[in-house]
Amino acid sequence: MRNILVTGGAGFIGSHLVRLLVNTYPDYHIVNMDVLTYAGNLENLKDIEAKDNYTFVKCDICDVKKVIEVFQEYTIDSVIHLAAESHVDRSIEDPFSFAQTNVMGTLSLLQAAKEYWGGNFTNKLFYHVSTDEVYGSLGEDGFFTEETTYDPHSPYSASKASSDHFVRAFADTYGLPTVISNCSNNYGSYQFPEKLIPLFINNIVHNKSLPVYGKGENVRDWLFVNDHARAIDVIFHKGKLGDTYNIGGFNEWKNIDLIKVMIKTVDRLLGREEGASDKLITYVTDRAGHDLRYAIDSTKLKNELGWEPSLQFEEGIEKTVTWYLKNNEWMEKVTSGKYQEYYKKMYNK
Ligand code: NAD
Ligand code: DAU
């Protein structure tokens with residue numbers, strides 16, 4: 001029996017993780033703490049919301065007092081912390097909210113765990129979910145390993161790097177049992193359409209232009225979100241205390257090549273002529289401070305804990321496009337209202 005606090009469980013990765021934990025471990029109680037920002041959506045969890053071993057608590061992770069009350073109410077023994085502001089472009093517009101949620105929010109959770117557990121750390125765990133962006137940008141070659149020096153470039157990655165440092169500081173200073181994982185770009189169902197893959201799928205469907213930053217030559221290492229959730233499960237149960245694990249799919253794509261695969265897949269599944277949507281590609285001003293390339297070496301996770309990605313990218317992208325086409329109601333809901341203002345501000349359209 002464990003009482004696990006998952007933060008950010010109504011978001012993209014969090015909802016996949018909550019579903020996996022609730023369905024796999026009927027003896028665990030999963031408490032999902034989320035303040036429901038624009039990115040949090042309880043519709044993502046409709047299929048498990050009535051389960052006995054699941055509870056949702058609306059709470060801001062920055063509110064230490066309320067967080068401690070939640071620890072007390074549910075006798076929390078483990079935390080898996082995902083709540084964050086997660087979109088690089090938004091961090092360029094508004095760095096303060098990233099420092100607030102990602103740095104101060106993480107600090108407040110760490111403090112709550114330390115206070116509630118009161119120095120008795122037996123069978124306790126604080127698991128912090130982080131990103132490969134803390135390592136900065138690679139050139140043409142090489143990979144990020146767990147030993148790569150931190151070198152964040154965006155306000156988002158700087159805030160995540162800072163949160164990682166606070167987690168390690170709590171381990172070193174107070175003996176808090178912690179583990180950190182740093183993952184590459186995720187894709188799959190329920191991702192908010194501000195991120196490349198769902199945004200472009202939605203635009204292709206609606207014959208809207210596809211704003212490719214710069215020359216489209218930046219490289220990302222894509223991992224199917226369910227594989228990330230599986231990796232978190234493995235690290236949560238078998239990870240070494242105080243350790244860090246990189247998670248990635250050895251699956252690098254230049255943006256423009258990936259965009260062409262998306263166009264081809266959407267057009268085919270919609271019964272359009274091949275190449276019909278190629279004309280939507282529009283090169284726009286590059287993202288400020290745009291990291292050229294991310295590539296994760298996840299050998300440690302494979303060798304030490306036996307985790308490997310389960311899905312080939314071709315299969316993953318087919319599943320993902322199919323999901324967004326079938327769930328157009330979900331997409332319509334999340335792109336109504338405020339999303340239109342966001343789109344206008346970011347893309348001037
Ligand atoms: P997301 O933006 O889809 O979801 C974030 C969730 O956090 C939302 O449900 C939101 O409501 C919640 N949240 C935000 N501020 C909060 C606050 N103050 N209190 C409580 N809840 C709050 O993000 P995601 O893409 O699912 O990412 C989840 C985590 O994984 C983040 O920590 C991110 O840095 C990390 N990560 C993401 C990726 C990726 O490709 N998306 C890759 C590696 C790591
Ligand atoms: O690497 C892990 C990170 O991946 C996570 O920590 C972040 O939370 C997540 O948002 C993601 O960051 P990226 O900036 O890599 O993802 P995004 O989907 O925003 O962009 C992917 C690439 O596509 C990037 O090179 C920028 C480019 N892009 C993105 C958008 C939204 C475009 O060319 N046009 C766009 O409109």
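Trainee: Which element gives the most to the shell around ligand 1?

Mentor: Strand 5 does, with three residues. Strands (E, at least two residues) and helices (H or I, at least four) are DSSP runs, numbered from the N terminus. Before going on, note that this is a predicted model, in which local features need pLDDT of at least 70, side-chain atom pairs count only at pLDDT 80 or more, and totals for chains, interfaces and linings use all residues. Residues are numbered from 1 along each chain as its sequence is written, chains are lettered from A and ligands numbered from 1 in the order in which they are written, and side-chain values use heavy atoms, with hydrogens and water left out.

Trainee: Which residues come nearest to ligand 1?

Mentor: A residue is near a molecule if one of its heavy atoms lies within 4 Å of it. Of the 28 residues around ligand 1, the nearest are Ile 13, Asp 34, Ser 86, Tyr 156 and Lys 160.

Trainee: Which polar atom of Asp 34 lies 2.5 Å from an oxygen atom of ligand 1, backbone or side-chain?

Mentor: A polar contact is a pair of N or O atoms within 3.5 Å. For Asp 34 it is a polar side-chain atom. Ile 13 instead places a backbone N or O atom 2.8 Å from an oxygen atom of ligand 1. The protein covers 96% of the 830 Å² of accessible area that ligand 1 has on its own; such areas come from the Shrake-Rupley method with a 1.4 Å probe.

Trainee: Which residues come nearest to ligand 2?

Mentor: Asp 132, Tyr 156, Arg 287, His 290 and Tyr 347, out of 26 around ligand 2. A polar side-chain atom of Thr 131 is 2.7 Å from an oxygen atom of this ligand, and a backbone N or O atom of Pro 211 is 2.8 Å from a nitrogen atom of ligand 2. On its own ligand 2 exposes 690 Å², of which the protein buries 95%. Helix 3 (88-93), helix 6 (196-205) and strand 8 (210-213) are the elements giving two or more residues to its shell.

Trainee: How many cavities of 30 Å³ or more does the structure hold?

Mentor: Rolling a probe the size of a water molecule over the atoms shows where empty space is left. A cavity is a set of points, on a 1 Å grid over the protein atoms alone, where a 1.4 Å probe fits but cannot get out; lining residues have an atom within 4 Å of a point. The structure holds one. The largest cavity has a volume of about 50 Å³, a volume being the space filled by probe spheres set on the points. Its lining includes Arg 287 and His 290.

Terms used. On a 1 Å grid over the protein atoms alone, a cavity is a set of points where a 1.4 Å probe fits but cannot get out, and a pocket is an open set with protein on both sides within 12 Å along at least five of seven lines; lining residues have an atom within 4 Å of a point. A polar contact is a pair of N or O atoms within 3.5 Å; within protein, one must be able to donate a hydrogen and the other to accept it, and residues adjacent in sequence count only if both atoms are side-chain atoms.
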